[in-house]
Amino acid sequence: MGSLIKIEGKPLEKLIEVISNGIGTLYRPRAIRNEADAKAYEIKVLEKAKHEAIAEGKLIEAENLDRINERLVAKEIKRQNNIDDVVEVAINDISQTESVTETPIDQDWSTRFFDIVQDISDNEMKILWGKILAGEVKKPKSYSMRTLELLRNLSKEEADTFVKVAQYVLHQRDYFIFNGDDDKLSHLGLFYKDIARLTEIGLIQAGTFVHKEYKALLDKDLKIGIEYKDLVIIITLQGGRSISLPIYCLTTAGQELYQLIDISPKIEYVNAIGEYVKKNNVLIEYSKIISVNDNGEISYQTPTIKI
């Protein structure tokens, strides 16, 4: 990872404050630390090791103590580099934000976060953790401590599986995945084994026969908008008609982590949903989203594309 950008502005000030609270000392970004700072840090770690050995009443030969010191210094320097890498991601993310809420981040959350990330070595996982830190600074309570613990225990392979499955997540009140024609979904790369794995680790809710039910009143058509990243799938039910979509729902942790994933909508997936729904003789189309307001109302481009 490269050097950090210059620190300036309220969002970055808040980020540095959160980091300092989390690690228990004033944080100085890597780009503005110098060689003297690094040497002072090593000396501090060495002294800590010696004091711990003496406090425990251990009779350790000088040679062994030196080796222990070297190991502890190496470990702490690695941890500091891990923190710096995660912070770099957060700074690059939040530096694109003009302002953030002044609502403080929970002290326990900050402490738990940095206790975890100091031992994260994988670069791709560091990117996820950096995005979480930036997201929490922008909007406190976006990521629960339960989600932090789940991600802490997530393997690289499991994280990759979630990124793959997240490409099929839809949003309409809940975050969910269409569970229709298994053969077609498998052909698109969405396999039940991946769903089962994510269910086991707590990112997808348990339950095989979960459905989203929609029903139009007898005298009025019902139009449903389902978000698929920057697309909206529009389903129109004529008066009295109904549909039942089989789905897998994300857990709270799954929903929080989903916000970190870059999604590339798959039109083949939209078509698979359309073919399933059209069996009920309803109209289905899709379009690009223009905006979504605070009430969830979706504005989209016209004309729409019919399926």
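Trainee: Which residues line the largest cavity?
Mentor: Keep in mind that this is a predicted model. The lining is made up of Leu-128, Leu-151, Leu-154, Ala-159, Phe-162, Val-163, Leu-257, Leu-260 and Ile-261.

Trainee: What kinds of residues are in that lining: nonpolar, polar or charged?
Mentor: Nine are nonpolar. None is polar, and none is charged.

Trainee: Which helix gives the most to the lining of the largest cavity?
Mentor: Helix α7, residues 156–166. That helix supplies three residues.

Trainee: And what volume does the largest cavity have?
Mentor: About 50 Å³. A search of the whole structure turns up one cavity of 30 Å³ or more.

Trainee: How does anyone spot empty space like that?
Mentor: A probe the size of a water molecule is rolled over the atoms, and that shows where empty space is left.

Trainee: OK, pockets now. What is the volume of the second largest pocket?
Mentor: About 230 Å³. The pocket has 13 lining residues. Gln-172, Gly-225, Gly-296, Glu-297 and Ile-298 are the ones nearest its centre.

Trainee: Which elements give two or more residues to that lining?
Mentor: Four strands do: β1 (169–172), β4 (222–228), β5 (231–237) and β8 (298–300). Strand β4 gives the most, with three residues.

Trainee: How does the lining of the second largest pocket divide by residue type?
Mentor: Four nonpolar, five polar and four charged. The lining of the largest cavity, by contrast, has no polar and no charged residues.

Trainee: Let me zoom out. How many helices and strands does the protein have?
Mentor: There are 11 helices and nine strands. The protein has 307 residues, and 42% of them count as buried.

Trainee: What about the accessible surface of the protein?
Mentor: That comes to about 17300 Å². Carbon and sulfur atoms account for 49% of it.

Trainee: And contacts along the sequence?
Mentor: Take the contacts between residues at least 6 apart in sequence. Of those, 73% join residues at least 24 apart.

Trainee: Switching to rings. How many aromatic pairs does a search of the whole structure find?
Mentor: Seven. One of them is Trp-109 with Phe-113, a stacked pair at 5.2 Å centre to centre, with 15° between the planes.

Trainee: Where do Trp-109 and Phe-113 lie?
Mentor: Both are in helix α4, residues 107–117. They sit four residues apart, about one turn of the helix.

Trainee: What does the pair of Tyr-175 and Tyr-258 tie together?
Mentor: Tyr-175 lies in strand β2 (residues 174–178) and Tyr-258 in helix α10 (residues 252–258), so the pair ties together parts that are 83 residues apart in sequence. Both tyrosines are buried.

Trainee: Back to Trp-109. Which residues are linked with it into a cluster by ring pairs?
Mentor: Phe-113, Phe-114 and Trp-129.

Trainee: What does Met-145 contact, leaving aside its neighbours within four places in sequence?
Mentor: Asp-108, Trp-109 and Arg-112. Met-145 is found in helix α6, residues 145–152. Met-145 counts as partly exposed because its relative accessibility is 28%.

Trainee: How far apart are Met-145 and Phe-113?
Mentor: They are 32 residues apart in sequence and 8.2 Å apart in space, C-alpha to C-alpha.

Trainee: And Asp-194: buried or exposed?
Mentor: Buried, because its relative accessible area is 6%, under the 20% cut-off. Asp-194 is in helix α9, residues 192–201. Beyond its neighbours within four places in sequence, Asp-194 touches Thr-161, Lys-164, Val-165 and Gly-189.

Trainee: Where do Arg-173 and Lys-229 lie?
Mentor: Arg-173 is in the loop between β1 and β2, and is exposed at 70% relative accessible area. Lys-229 is in the loop between β4 and β5, and is partly exposed at 42%.

Trainee: Last one. Which peptide bond is cis?
Mentor: The bond from Thr-302 to Pro-303 is, with omega near 0°. Pro-303 sits in the loop between β8 and β9 (305–306).

Notes:
Residues numbered from 1 in each chain as written. Predicted model: local features only at pLDDT ≥ 70, side-chain atom pairs only at ≥ 80, totals over all residues. Heavy atoms only, no water. 1 Å grid on protein atoms, 1.4 Å probe; cavity = no way out; pocket = protein on both sides within 12 Å on 5 of 7 lines; lining within 4 Å. Points joined across faces, edges and corners; volume = space filled by probe spheres on them. Nonpolar A, V, L, I, M, F, W, Y, C, P; charged D, E, K, R; others polar. Buried < 20%, exposed > 50% of the residue type's maximum accessible area, 1.4 Å probe, protein only. Contact = heavy atoms within 4.5 Å. Areas by Shrake-Rupley, 256 points an atom, 1.4 Å probe, with all protein chains shown as cover. Phe/Tyr/Trp six-rings, centres within 6.5 Å; stacked < 30°, edge-to-face > 60°.
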